Amino acid sequence: MESRVVLGIESSCDETGAGLVRNGRLLGHSVASSMDEHARFGGVVPEIAARAHLHAFTPVVRDALDRAGLRMADIGAVAVTTGPGLSGALQVGLAGAKTLAFSLGVPLYGVHHLAGHVAADTLEHGPLPDPCMVLIVSGGHTSLLLVRDLARDPITHLGDTIDDAAGECFDKVARVFGLPYPGGPAIDRAARDGDPRAVAFPRPLSGPRDSRHDFSFSGLKTSAARWAERHRLRGEVLPLADGAASLQEAVADVLTRKAVAACREHGVDTLVVVGGVAANSRVRALAEERCLAAGITLRVPPPKLCTDNGAMIASVGDLLVRAGAEPAPLDVSIDPSAPLEYAALHPVARVAKAA
């Protein structure tokens, strides 16, 4: 397949991202976040996010092009997140991507958001080994995946979260601890001066009878909330640093222990850790320590590529173009709750006919 510059558009939550990739190389990208507008509400407000995407879409695309030293006419394909995510936010990104693809006369590719996180690592470390183990850790998703050819093959789920994801746990506990939103970075900062062994928080689903590869962080969240409540009921100052460090250690312990065990069980010698929580300092350090001890190669994207961005979507689009994949149909829609089965996601909304 001929070499093309692929523009990627990401708008699944509160970041509006545009990235440009050709032949696996990142040419330039830009991200606008509406995080500050949501912070006072303690979480993302869908209507605010959708409106922010409307305002940011064109400036972000222009900025990405400027950073890459390219013109609009240089774009050879457009890739866009079609799910999962917030419905209104996804609609804004898809409408903008369709407009650009149609006006430029180039193919459009729908991309699964989580596949974008997986592909983000290729922009830093090159093509993914076939097979590789992927641990996705973000605000809404925690999954262990067996990945082969990302552009062509189905993605095998070995385990998923059965309740709260790791990032969701951080966000909710941070609120209880009196820390700002988003909770993950706030917990990470607070943990720097704490003792990770100070509080014996539980390690969910770690027993011999539990699912080997599934995750659960709801009980850990509740345990941390009750710990904080006990201190406050006694009128004591909350030992915030120790609580944050102990919580972070529990999350990192469960994530990395299960990921390394999955690698051993399936005979895979490369672990790729992606998603927003992959930017957490303790998750990265413990993953490195345990992979080194187990003889497993660890790949983690730089923090700027862990959070949502358009470069990761462009990376999937680039893989699809080079694999000769079929573009999305003209009536491609969004799927806010799409399961991760393939990297390409081309849902078509079906309108029921009146009887």
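Reader: How do you know that the radius of gyration of this protein agrees with a compact globule?

Author: The radius of gyration is taken over C-alpha atoms, and the globule rule is 2.2 Å times the number of residues to the power 0.38. With 355 residues, that rule gives a value near 20 Å, and the protein has 20 Å, so the two agree. Before we go on: this is a predicted model, where local features need pLDDT of at least 70, side-chain atom pairs count only at pLDDT 80 or more, and totals for chains, interfaces and linings use all residues. Residues are numbered from 1 along each chain as its sequence is written, while side-chain values use heavy atoms, with hydrogens and water left out.

Reader: Why is Asp14 called buried?

Author: Buried means under 20% relative accessible area, exposed means over 50%, and partly exposed is in between (1.4 Å probe, protein chains only). Asp14 has 5%, so Asp14 counts as buried. You'll find Asp14 in the loop between strand 1 (5-10) and strand 2 (15-22); strands are DSSP runs of E with at least two residues, helices are runs of H or I with at least four, and both are numbered from the N terminus.

Reader: And what makes Glu229 partly exposed?

Author: Glu229 has a relative accessible area of 44%, so Glu229 falls in that in-between class. Its place is in helix 8.

Reader: Which residues does Asp14 contact, leaving aside neighbours within four places in sequence?

Author: Contact means heavy atoms within 4.5 Å. With those neighbours left out, Asp14 is in contact with Ala32, Ser33, Ser34, Met35, His38, Val44 and His53.

Reader: What makes something a nonpolar core?

Author: You need a set of buried Ala, Val, Leu, Ile, Met, Phe, Trp, Tyr and Cys residues joined through side-chain atoms within 4.5 Å. The largest one here has 49 residues, and Leu255 is one of those that touch the most other members. Helix 9 gives the largest share of this core, twelve residues. Apart from it lies another core, of 33 residues, with Val6 and Ala77 among them.

Reader: What does Leu255 touch, not counting residues up to four places away in sequence?

Author: On that count, Leu255 touches Leu135, Val137, Thr142, Ala166, Phe215, Phe217 and Val283.

Reader: How many helices and strands are there altogether?

Author: The protein has twelve helices and ten strands.
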